[in-house]
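The paragraphs below go through the structure step by step. Keep the sequence and the model in view while reading.

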Amino acid sequence: MGFATSQSSMNHQSTQSSATLNGTIAIRFTLNGREVEIAVDPTERLLDTLRYRLNLPGSKEGCGEGECGACTVTIDDLPANSCLVPTFQVRGCNVRTIESIPTSSLQPMLETGATQCGACTPGVVVTANWIKEHSSVLASHTLRALMAGNLCRCTGYDGIIDGLEKWIGNPKGGRP
Amino acid sequence: MNVLLPNSLAEACDFCAKQPDLIPLAGATDLLVHWPLRQAEHDKTYLDLSKLQELRTITWSANSLTLGALTTYWDVLQDPRAKSDFPLLIESARQVGAIQIQSRGTWAGNIANGSPAADGVPVLMAYDASVALTSKSGTRSVPLHEYYTGYRKSVRRSDELISAISIPLRRYDFAVFHKVGARRAQAITKIGLAMTRESAKPATWRVVANSVAATVKRCAAVENLLHAGAPIRKPEDFAAAIASDVTPIDDIRSTADYRRTVMARLLYHSLKGVSPAIS
C-alpha cells in the first residue's frame, strides 16, 4: 500500500498522539510489553506497521477484508483484525501479536494436526490464547463461535478445535 | 489523507461545523476493507472519534437503554442485562462478523455507514430505537425508522454526529431475528428480518427487513396485515405486502426472486402459531 500519501493535519493534540511530523502522526503504544514510539502515515494499517516497520511478520495478510483472521492481534485485550485498524487508532493502546506467545503453547495443536499449510495458524493461536486467558467467555460462547473469525482453508477445523480443547482444557468446543 | 483527532465530542462538533465533508471514523471495520486498493478514499478527511471515552457508555434508565456512539457489539454482548431485555441485540451482535469485528465495530457506525445489509440496524429498528444527532447547536433525536432517506443517505446533516442510540424499555411477547447468508458465520446478509410484538393491548408489531431495499426497511404493509389479523395460511400470502414494502435486486450475493421468496418463508415460519390468524 502507498505510505507516501498526502499530508495529514492534526490541529488538535490528543492525549496520546502529538504533533504532525512530515505528514505523519506521532504515536506511542505498548507492543508486546514494550513501549513503541513511531510516526505513522494516516493511511497505514496496523498490519503493515507491524510487518514492514516493526519487524513483526508473524501476523499474516489473508483476505484484507476482516474475514479470515490471519492478521489477528489483540488490542487492549480484545482480538482484532489488524488489517482493518488504522495504526493511528492504537495510540495509547496495548497491542499483542503472535510473537508474544511462547511457542510451547503450540504443542497440543501439533499433536492434533491443527496446522497444515500454516497460513491461518498465527491468527488461530492469537485468538486461542486470548480465549485461554479469558476462559469465562466459554460460559456464553462455544469455542467454535469464538473461532469463527479464523478461517482455515485446509479445512482443518476439527484438528484446530481438538487442539484448542486440549490446550485450553475445556471440552465445550463440540462438533457442530 | 487528513485525520482530525478530537479529544471531546464538543471538539469533534467544532471540526464538523468548520468542515462540511468530514467522514466520522469509529471502529473503521468497514472503511478499511481492501483499503490499499481504495486510493481515492485515501485523499479524504476523516474525523477519528475512537478515543472519545465519553461516547463509550451503556446506560440503563427507568425507561430506556442508551448506547453511546462508540458502544461496540462486544460491549453489548458483555452487558449483564441486554440479553433479558433486548435479546435481539445479542442475537444480531453474535452474527456481525466474529469477535475480531465485534470488538471494534460499533452500533452507531453500523447506522452511519448506511449499508442496506447492516445487521445491527434491523434489530434496533424493531425495538423502535432513536438516533441522537449532536452538533454545535445541540442534540436532536430522530426515530431510526425515519433516519434513512435513500441508499446510504440519511437525515444527518454534515455538521452533526451520531452521539447515542436510545432504545425504549418496553414489554415484548415476541421477538425474532433471522439472518440468511451464504454460511452460518462471517457472511454478509442476503436477506434478514427482525420482528417484535409489544405485549401492550392492542399489540404493536414492528417488522424490519435488511438487504431487500436501498436501506434497512420497516415493512408497513406486513405490519398492517398483522395488525388487521388477516388470515395467513402459506408463505405466499405475504407476497403482496412484501411487494409493497421492499424492492430487492439481483446482485453479487443473491437474486431479487430468492430474497422475496425467502422473506415470505421467514415471515410465515416465524409467525405460524404466534397469532391465531397465522396457521
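Predicted model: local features only at pLDDT ≥ 70, side-chain atom pairs only at ≥ 80, totals over all residues.

A residue counts as buried here if 20 or more other C-beta atoms lie within 10 Å of its own. By that criterion, buried residues make up 45% of the 176 residues in chain A.

Chain A contains five helices and six strands. Their sequence order is β-β-β-α-β-β-β-α-α-α-α. Among the contacts in chain A with a separation of 6 or more, 59% are between residues 24 or more positions apart.

The chain is also split into domains. Domain 1 of chain A covers residues 20-97, and domain 2 covers residues 101-168. Between the C-alpha centres of these two domains the distance is 22 Å. Where they meet, domain 1 of chain A contributes 13 residues and domain 2 of chain A contributes ten residues. On the domain 1 side, strand β4 (residues 72-75) of chain A gives the largest share, three residues. By residue type, that side of domain 1 of chain A consists of five nonpolar, six polar and two charged residues.

One residue to look at in chain A is A:R45, which sits in the loop between β3 (34-40) and α1 (46-53) of chain A. Is A:R45 buried or exposed? A:R45 has 24 other C-beta atoms within 10 Å; the cut-off is 20 or more, so A:R45 is buried. A:R45 and A:F88 are 43 residues apart along the chain, yet their C-alpha atoms are separated by 8.5 Å.

Helix α5 (residues 157-168) of chain A has twelve residues. From its first C-alpha to its last, α5(A) reaches 16 Å, close to the 16 Å expected at 1.5 Å a residue. Which residues of α5(A) are buried? They are A:I160, A:I161, A:G163, A:L164 and A:W167. These residues cover an arc of only 160° around the axis, so they lie on the same side of α5(A). The spacing follows a general rule: an α-helix has 3.6 residues a turn, so residues three or four places apart point the same way. The cover over the buried residues of α5(A) includes α2 (107-111), α3 (121-133) and α4 (143-146) of chain A. Just after α5(A) comes A:G169, with a positive phi of about 75°.

Chain A also touches chain B. This contact takes 35 residues from chain A and 31 residues from chain B. On the chain A side, strand β5 (residues 78-81) of chain A supplies the largest share, four residues. The side of chain A that touches chain B divides into 14 nonpolar, 18 polar and three charged residues.

In chain B, four strands form an open sheet with antiparallel pairing, in the order β11-β12-β13-β14. At the edges of this sheet stand β11 (172-180) and β14 (217-218) of chain B. Each of these edge strands has a single partner strand, so one side of each is left without a neighbour in the sheet. For β14(B), there are two bridges to strand β13 (residues 204-210) of chain B, in the antiparallel sense. Opposite B:K217 in β14(B) stands B:A209.

Conventions. Residues numbered from 1 in each chain as written. Chains lettered and ligands numbered in written order. Domains from an automatic or database assignment. Contact = placed C-beta atoms within 7 Å. Nonpolar A, V, L, I, M, F, W, Y, C, P; charged D, E, K, R; others polar. Expected span 1.5 Å × (residues − 1). Buried ≥ 20, exposed ≤ 12 C-beta atoms within 10 Å, placed from the backbone. Arc of directions from axis to C-beta. Pairing = 2+ DSSP bridges.
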